[in-house]
Number of protein chains: 2
Amino acid sequence: MRRIALDAMGTDAAPQPEVEGAILAARERLAEVLLVGPQELLRQELQQHSARGLPIHIVHASEAVTMKDAGAKAFRRKRDSSMRVAARLVREGKADGWVSAGNTGAVMTTAKITLGALEGVDRPALAAVFPTSKGTAAVLLDVGANVDCKPEHLEQFAVMGEIYYRVIFGAARPRVGLLSIGEEDHKGNDLTRDAFARLKHLPLNFVGNVEGRDLYNGNVDVIVCDGFTGNVALKISEGLVEAVSSLLKQSLSSTLSSKVGYVLARKAFRSFRKRVDYSEYGGAPLLGVRGVCVIGHGGSNANAIKNAIRAAAEFAEGRINEKIEKELAGAVLGQGGS
Amino acid sequence: MRRIALDAMGTDAAPQPEVEGAILAARERLAEVLLVGPQELLRQELQQHSARGLPIHIVHASEAVTMKDAGAKAFRRKRDSSMRVAARLVREGKADGWVSAGNTGAVMTTAKITLGALEGVDRPALAAVFPTSKGTAAVLLDVGANVDCKPEHLEQFAVMGEIYYRVIFGAARPRVGLLSIGEEDHKGNDLTRDAFARLKHLPLNFVGNVEGRDLYNGNVDVIVCDGFTGNVALKISEGLVEAVSSLLKQSLSSTLSSKVGYVLARKAFRSFRKRVDYSEYGGAPLLGVRGVCVIGHGGSNANAIKNAIRAAAEFAEGRINEKIEKELAGAVLGQGGS
């Protein structure tokens, strides 16, 4: 069983969702959990549940990073934060990976500084995992670690995302696409046109440019883009789902005296909303750091935390980082210009 | 009554939606319509409807631009295309505006070359108009005219979009936001950080950075971004609506023996889909060219064409272009760096 460090002070409702999520994960034997945070608080929280005999251990950390802490500042000022202690457990080999649902910027900074980048990786990338309408999963990266990217960064994202998808979803040849504004090879901006030339030389199943509409239709497995575009894409999706929900409610309640249709539609809609929430899918893996790091949503509930722990354990189990280093060393990168 | 030239060969099913849309618009006295395309074909199509006495006139054009024609090539090679003839009618003052649901790239190229840019405008921008969950409209620009932008372009987009919104939707002080990846002023990429500094010096109601989730929640009226990001945003929205529709169908049909809930939800959903389709909202205005140009979706039906004609007539009626030139001349642009 893999050992996963869990920042117990990450979610908006911390430490309750973390403690309950750790218990769920430990019960299902998904991982041994190191619960990182204020010892006394966590002990009390654990006592309220029947956690006896489960593979859960408390590791003390006196501080917590809040949403107001800026990434680099949080890292420097709070040396004993639960986030930083969790990362340190990974660096020191005491944990096989860590999970935090805290301030995403701070988690990324902490991961990059504490763990460093893998050999061959210039920029770690945050990957979002979500379901398509075909029932398959899709991975979009980068969704916010790097707002300004160079073509070679997108090339590395493609290699990392492809390996992640292959290992986690068991696909032999995942289809990799470049997010652009038209399917034709020449469509796109300066960045994507240069990246396109590089991607087509990689030894992977590159299907060319894909459009925004392809994110959810299951026509592509791994979608590569810069972190600005990816972050906008993710948040538009969240916002649109909210808006659809609200408009659907309006439409249904204005045309029906009966509430039947509304109740039924709402139920289906809630199940859909859960599916588009990436935390429900196990959190967002940060690819390219020397260690396993999975970032959850601040609004995660116990189930989302459990799924993030599972994702971190599978990430470690699949030896994804070893594969990334090996393939980046072996792949003939940077051949786009030739 | 304004006179609008309609490229009758633009939609996938041309000229039927165009002819029927022209008839609807003429019946409602939204505009006098110059139907541009092969004379004989259009005459036959018109004869199948009771168009007698309506303010519709055929203007002959022997060629049609197809989806396969690249923008600039289509313009050069097809001198007598319905698209180009329609644009020429505007340039020569014979029409107050034109509408085309043809190849968007070709329409934009034709508009830019035939009409030229307004005084003070470096880059015309395509604006998408869509509804929010509050029932208000929102305008997003640029959605594809300029894939690589400089900060000063975003500044001009803000001025143009704000005027358009003010005139068309009658808002005194539309809220203008910059699409970014966080609300804090410093969040964003190199482009948006520079643009932010410029936008806050403009004499308009700049509300700062907005996120993808704000597109549909009605918290902002005009959202400014580069054409790559905007195009991705629009297509993700279309794709997600498709996916939600498909998953909703699956959820409802798998959990219900009765079809009642599904039928009701589908009806509501269709009405929502119509609302997010920008062509249903009257097409996308191309802002910044010397003349009025509204671009419809290739899949437009007669109603969408009618709405695009209405949008073009209102655009001309509101003297938006005069206001853009005046405000760009008066506004103290380019002060971001000071």
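**Exercise 1. Two helices in chain B**

In which hand, left or right, does α6(B) pass α7(B)? Work out the geometry and the contact as well.

*Solution.* The model is predicted.

Step 1. Two packed helices are described by the angle between their axes and the distance between the axes.

Step 2. Take the axes of α6(B) and helix α7 (residues 190–199) of chain B. They come within 8 Å and cross at roughly 50 degrees. That makes α6(B) oblique to α7(B), because angles from 65 to 115 degrees count as roughly perpendicular, those under 35 as roughly parallel, those over 145 as roughly antiparallel, and the rest as oblique.

Step 3. Now the hand. The crossing of α6(B) with α7(B) is right-handed.

Step 4. List the contact. α6(B) gives P151(B), E152(B), L154(B), E155(B) and A158(B). α7(B) gives L191(B), D194(B), A195(B), R198(B) and L199(B). By class, the residues of this contact are six nonpolar, no polar and four charged.

**Exercise 2. Two helices in chain A**

Describe how α1(A) and α10(A) meet.

*Solution.* 

Step 1. Helix α1 (residues 16–27) and helix α10 (residues 302–317) of chain A have axes that come within 7 Å. These axes cross at roughly 55 degrees. So α1(A) is oblique to α10(A).

Step 2. α1(A) and α10(A) cross in the right-handed sense.

Step 3. On α1(A), the contact uses P17(A), E18(A), E20(A), G21(A), L24(A) and A25(A). On α10(A), it uses A302(A), N303(A), I305(A), K306(A), I309(A) and R310(A). The contact of α1(A) with α10(A) divides into six nonpolar, two polar and four charged residues.

**Exercise 3. The sheet of chain A**

Give the strand order of the sheet in chain A. Then find the edges and the helices packed on the sheet.

*Solution.* 

Step 1. Strands of a sheet pair through backbone hydrogen bonds, either parallel or antiparallel. The open sheet of chain A has 11 strands and mixed pairing. Its order is β3-β2-β1-β4-β11-β10-β5-β6-β9-β7-β8.

Step 2. Look at the ends. β3 (56–60) and β8 (206–210) of chain A each have a single partner strand, so one side of each is left without a neighbour in the sheet. On average, neighbouring strands are turned by 25 degrees against each other, direction ignored.

Step 3. Zoom in on one pair. β4 (residues 97–100) and β11 (residues 293–295) of chain A pair in the parallel sense over three bridges. W98(A) has C293(A) in β11(A) as its bridge partner.

Step 4. Helix α6 (residues 151–169) of chain A touches β5, β6, β7, β9 and β10 of that chain. The direction of α6(A) makes about 165 degrees with that of β9(A). α10(A) lies across β1, β2, β4, β10 and β11 of chain A. It runs at about 155 degrees to β4(A).

**Exercise 4. A parallel pair in chain B**

How many bridges join β6 to β9 in chain B?

*Solution.* 

Step 1. Three bridges join β6 (residues 137–141) to β9 (residues 222–224) of chain B, and these strands run parallel.

Step 2. Within this pair, V139(B) stands opposite V222(B) in β9(B).

**Exercise 5. Domains of chain A**

*Solution.* 

Step 1. The domain assignment gives domain 1 as 3–121 + 288–319 and domain 2 as 128–277.

Step 2. Seven residues of domain 1 are in contact with seven residues of domain 2. The domain 1 side of chain A has two nonpolar, four polar and one charged residues.

Methods:
Residues are numbered from 1 along each chain as its sequence is written. Chains are lettered from A and ligands numbered from 1 in the order in which they are written. This is a predicted model: local features need pLDDT of at least 70, side-chain atom pairs count only at pLDDT 80 or more; totals for chains, interfaces and linings use all residues. Domain bounds come from an automatic or database domain assignment. Two residues are in contact if their C-beta atoms, placed from the backbone, lie within 7 Å. Ala, Val, Leu, Ile, Met, Phe, Trp, Tyr, Cys and Pro count as nonpolar, Asp, Glu, Lys and Arg as charged, and the others, Gly among them, as polar. Axes are lines fitted to C-alpha atoms, for helices over the stretch in contact, and angles run from 0 to 180 degrees between N-to-C directions. Helices (H or I, at least four residues) and strands (E, at least two) are DSSP runs, numbered from the N terminus. A crossing is left-handed if the near helix is turned anticlockwise from the far one by less than a right angle, and right-handed if clockwise. Two strands pair if DSSP finds at least two bridges between them.
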